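Hi there,

Here is the structure I promised to pass on. Have a look at it first, and then read on for what turned up in it.

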Amino acid sequence: MFGYLFKKIRYFSLKNKNECMLQNTKPGKNNSEPISPDLEKNLEVIKGILRDSSDVTTHEFNFGHDRKFKGALIFIDSLTDKAEIHKNILQPLMYDVLLLQNNVDMDFTKIDTIRKNLISTTDNLKVTLLSDLLDNLLAGAAILLINGSKEALVIKSEKRESRGIEEPGTESVVRGPREGFVENVKVNIALLRRKIKDTDLCIEKFVIGDKSKTDVYIVYIKSVANPKLIEEIRMRLKRIKIEAILESGYIEQFIEDNPYSIFPTISNSEKPDKVAAKILEGRAAILVDGTPFVLVAPMVFIESFQSVEDYYARPFFASVIRIIRFLSYIISTLGPAIYVALTVFHQELIPTQLLISIAEGRERVPFPAIMEAFLMLFAFDLLREAGVRLPKSVGQTVGIVGAIVLGQASVEAGLISPIMVIVVSSTAIASFAVPAQTDSGTILRYIYLALAGIAGGFGVIMGLLGTLLHLASLRSFGTPYLWPVVPLNFSGLKDVFIRMPLWAMSKRPKAIVWNDFDSNNQNPGLMPSPYKKDNIDSK
Amino acid sequence: MGKKMKLSNMKLISCFLMLFILSGCIGAREINDLEIVIGMGVDKDENPENILLTAQVVKATAGKASENESRGEDSKAFWNVSSRGNSVFDAVRQITHKTGNRLFISHNQAVIFGKDIAKEGLQEYIDFFLRAHEMRPTALILIAEDRASDVLNAKPETEKFPAVNIAKLIKTYGFTSNFYKVNMEDFASCLLNPTKAQLVPLVSIIQDGEYKDVYVSGMVVFKKGKMVSKLTHDDVRGLLWILGKVKSGVIIVPSPNEQGKAVLEIIKAKSKVTPEIKDGKIVMHIKIREESSLSEQTTSENLATNEAFEKIQEASAEVIRKEAMAAFNKSVELNADIFGFGEMLHKKYSKEWKTLKDNWDEIYPTIELNIDVETKIIKTDLLKKPASPSE
Amino acid sequence: MSIEKGKISSQQLLFLIAGFVQGSVLLIDFTVGLTEHQTWMVILAALAITTPVVLSYAVLAKRFPGMNLVQINDMVYGRFLGKVVSVYYIFFFLMTLSFNIRDVGELYTTFLMPDTPFVFLLVVFTATCTYAVTKGIEVLARISHLFVVTGIFILISTFIFLIDQMDFSKFLPFFELPFIRIFQGIHIVSMIPFGETVAFLIIMGCLNNTEHVVKNTFFGLLIGAVSLLIGAARNTAVLGRTQTIWTSPSFQSIRLIDIGTVLTRMDFLIGIGQTILIFLKCSLFFYVLVVAISQLLGLKSYLPLVLPLAAIEVIIAATVYQSPVDHTMITQNAGIIYSTPLVFIIPPLSLLIAKIRGLPKSERGKGT
């Protein structure tokens, strides 16, 4: 396992080096020349590079007590907070007491002097290269240029329209926090920080995308997460050479282990509590600016069947629900396939009365069962897709039309047998119970159906064996995908088919936390004991 | 290397896809194209070389039968289709000339043989039903008093299908223990036994006004696959007492004061048969343990007392002993080992059995039975006393 | 220099052996015709006879850690004779694999899907095995416990479903059959389910730790034998005499399940169980075959051999027997004779020679 990872890492590191070397030899697109002391020249160059965009505001001004210093403030007015610029940059620069007195002996051509004495915003930095200056400018900072200085001051004063923290649309809960991630990555990091107030919580920043320059953060707990895992994620992130990252899905597709698999090997979530829980287990979260969907790696298959609510509810009901989820995944992938295999190939396995009712229901149906199943499944997926994309009010109409036209009318017209409608609709309902595997489930459903139509039960068993082999060979960042079932790990099984009480799960998942899996994340023996009578009586 | 792997994977996948698509849905049969057979009857044809096979096929339109009925159409949910053939399988295939589809016999509930077939010997006709992969070993086997096709034609009042009705009749044998269920597997197992006689339930038709009612009138005794005689209801219960397979039933004994009767319901019955060879004589020690409840009494005297119970128990033990002996005497008369005593001896005295088995027919009538019956009345149902003025 | 880079733990070896032996549950039917109601005894006797031999494989693997059968043969018998012995083994693997693949085809064409073409079933099944083999022994080893648990679950559940139809007096009388038939039965059982574990001499080369290999081999064999025993006892108790006439007693007894008209028609249970267990067995055999051949030919990877060998296997499986009758006759008479030396003589002999010549030591000297 380690050897495999080492090899991968070495391979990627070598590959990376090569790419870096390539990068260096290529002529840079942005000029990486230094800033010149001549303000006019600088302004001209910058304007030239920005192609005179109309939203770039350049404010030139003089300051100092006899107005002998020249400066310019450049910012993109759509990205910056103008009020803050006026209050914290322009006002101090032009009207500060220090500048109005003539006896102050300060060299205001030095950026450091200005930064330390005048500017009252906290988030600012010095740059010397034109390319850095431009990067920051485009990210929403205001740039202060002083005539005679080879440096520029970048003042982060970006203003960002952000959605309020709302309940996420994809993962709603009955019990549990209602907050969800938003598009602003800063807010998202804050949400995570509030959950884990630990000095070991590391947040590493990457900027990915030649044009989009998207901020990507890896968040993990240094003392818990496997350093090799973090190194691996770093390597894979650094590899990405792409114009733009618009959503975390871009990152996912570039760093996943097996791009040819229909199963996702990196999970995503909109819920801070869920992501925090996974980080605490030793996983690493990847936050991407501009999307509320946070990636978490590594992912195991079982995670798809776990919901945050399982841990907030008491263990008994949580276990029942979890078993129902497993069953519903089986129904959603195998339901139509088993129906077709039974009715077309293995009629002897259907109880007599049921067989007679099925035969009666199918009496006028002109299509073979496999065709019927495909048509119905197609209609269902069509309806679902249409319902998702349409505005909510129209979506309802689609639902009603679908239910009446497809369900009732087609049965009455004798095009579809009533039992097929039952099979497909129960499949459809079941497929929503495991949201994380809906994609793979849909594909598998069609594959199994085709196998069942061609080779009956034999085809389905072969399909299942193939799927099992594929799943068993998958890995997500070194963690076996079917862990802890394959390979078998008994302490891991506490949280698979049933959810043991929290006090009984004292160890972190062994496959994820490789380096110190022996360390407990809680003390054992926290099982609540019944009150001692003395405690109450002694009052 | 990686590229090569991918290429061979692609090749494999495309081969696989082609195989699937080209082979198509071979072996697929749509459910509405099936001729679902729920019962079969085998009779001798007028031509002694041939047999007449009757198959009861489900009409898929049965669900709509209620609509048809109002229009006065034929409302039968089944179709009895028959054909002639040299052998059973031949006839099964000849039927396709009438049905247009192969028969689907996995849901066959019962196979009924006509009496003339039974007399000739079932061995040669049963082979198909054991061998055909669609046939299930749980299908029942029955003998018709007269012709099997008539039994399949007698439309029952409550059930839609005659064959299902007959299967239901057989499966509820436990209420009286006057016959028992015999399926393909049981019959095959008996056929394999060189000494044991086989029993198969017998169905008859009685004309009741304009309706024909099918009922189970007893069991047929086969010796070496050939029908030799019939057993009455009481004989069969005697047999089941010895085998310990009585499930329930009614025992009627005179009440202790000789006025009226006490009617007992059998709740539980067990038996243990221990064969013994003593000085060359074979004795079967049979211990029967029975528990019953007082279900009815036709006398005003309170029978729910320990004294009365004791007398009733004795009387019922006597009834059981008599039934068992009657069954044994009948079997001796037929010289047919319906109990499987030979098998029991074989299990206990496997060495002696080697010499016994060759002239079992001579030995069987000499077997002695030593029956020990113990009965208990364990409840009186809802009444503590009869509804009559107490003295 | 080993072909397989994957490593398996000795716990996984336990499950592999158990699943491998379980995969022969249906093959017990070969003996039932001979040994009737005494089959359970035959299984126990065969287990007792075979256990020391199978354990000698484990000891051999322990003596030559990280080496497979072909390498051991080369070392023990020398270049030339070692190759001859290895070719003999490869022939055995080739034939046994094709027989097992054919069994799947027969299972389906006789009981479950009689209208489906035989070759189609064989090709699809072999293709799935091929997929498994290309994934390597690690993946198979990792999922083996799922197969074993499923197999045991199906055996036990069918046993419980049939318990009211069982008559344990059908095991009587205990000793009745002539000894020669019992002996023949013991020979078949010790060869087919148990003796075939000689294939594990190739797989044991992938063990990451040979410390507990003997113990785990024994328990694997025991789990497999208990499964066979449950199956054989179930068939005898349910069917009794008739088990000698059915093509497959196991199938017949499961077709008899009829509880409250709901738990009935459970044929799919044995269909699923048998398919996955034979799948495990065939994949292991196939893996063993390709590794043995590529080791013999000195290849760096076994992957190029997988597809051609799969094609050869399908052709052999499709043509080797004319009918199940042929199959039974050949297995009962010829099959177990030619494989006897491979199972019972050569491995213990290798162990003996290795001990006399003190072989692994010289290898260690060479290696360092």
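Let me begin with chain A, where the C-alpha centres of domain 2 and domain 3 of chain A lie 34 Å apart. This is a predicted model, in which local features need pLDDT of at least 70 and side-chain atom pairs count only at pLDDT 80 or more, while totals for chains, interfaces and linings use all residues. Residues are numbered from 1 along each chain as its sequence is written, and chains are lettered from A and ligands numbered from 1 in the order in which they are written.

**Chain A**

The domain assignment of chain A gives domain 1 (39-156), domain 2 (185-299) and domain 3 (313-479); such bounds come from an automatic or database domain assignment. Where domain 2 of chain A meets domain 3 of chain A, the contact takes 13 residues from domain 2 and eleven residues from domain 3. Two residues are in contact here if their C-beta atoms, placed from the backbone, lie within 7 Å. On the domain 2 side of chain A, the residues touching domain 3 divide into seven nonpolar, four polar and two charged. For these classes, Ala, Val, Leu, Ile, Met, Phe, Trp, Tyr, Cys and Pro count as nonpolar, Asp, Glu, Lys and Arg as charged, and the others, Gly among them, as polar.

An unreviewed UniProt entry places the feature "transmembrane region" at residues 326-345, 415-434 and 446-469 of chain A. UniProt positions are given in the numbering used here, feature names are shortened, and annotations may be inferred rather than shown by experiment. In the model, residues 326-345 of chain A are 100% helix and 0% strand, with the end C-alpha atoms 26 Å apart. Residues 415-434 of chain A are 70% helix and 0% strand, and there the end C-alpha atoms are 31 Å apart. Helices (H or I, at least four residues) and strands (E, at least two) are DSSP runs, numbered from the N terminus.

Helix α14 (residues 369-389) of chain A and helix α16 (residues 418-431) of chain A have axes that come within 10 Å and cross at roughly 40°. That angle makes α14(A) oblique to α16(A). The axes are lines fitted to C-alpha atoms, for helices over the stretch in contact, and angles run from 0 to 180 degrees between N-to-C directions. Angles under 35 degrees count as roughly parallel, over 145 as roughly antiparallel, 65 to 115 as roughly perpendicular and the rest as oblique. From α14(A), the contact uses A:E372, A:A373, A:M376, A:L377 and A:F380, and from α16(A) it uses A:M420, A:V421, A:V424 and A:A428. By class, the contact of α14(A) with α16(A) has eight nonpolar, no polar and one charged residues.

**Chain B**

Chain B is assigned domain 1 (32-231) and domain 2 (234-386), and the C-alpha centres of these domains of chain B lie 32 Å apart. Their contact takes 20 residues from domain 1 of chain B and 19 residues from domain 2 of chain B. On the domain 1 side, β8 (211-223) and β9 (226-231) of chain B each supply at least two residues, and the largest share, four residues, comes from β8(B).

**Inside chain C**

Helix α5 (residues 118-135) of chain C packs against helix α11 (residues 267-297) of chain C at an angle of about 60°, with their axes 9 Å apart. That makes α5(C) oblique to α11(C). Here α5(C) contributes C:T128, C:C129, C:A132 and C:V133, while α11(C) contributes C:F279, C:C282, C:S283, C:F286, C:Y287 and C:V290. The residues of this contact of α5(C) with α11(C) divide into eight nonpolar, two polar and no charged.

Helix α4 (residues 69-112) of chain C also meets α5(C): their axes come within 9 Å and cross at roughly 130°. α4(C) and α5(C) are therefore oblique to each other. In this pair, C:I101, C:V104, C:G105, C:Y108 and C:T109 of α4(C) meet C:F118, C:L121, C:L122, C:F125 and C:T126 of α5(C).

Best wishes
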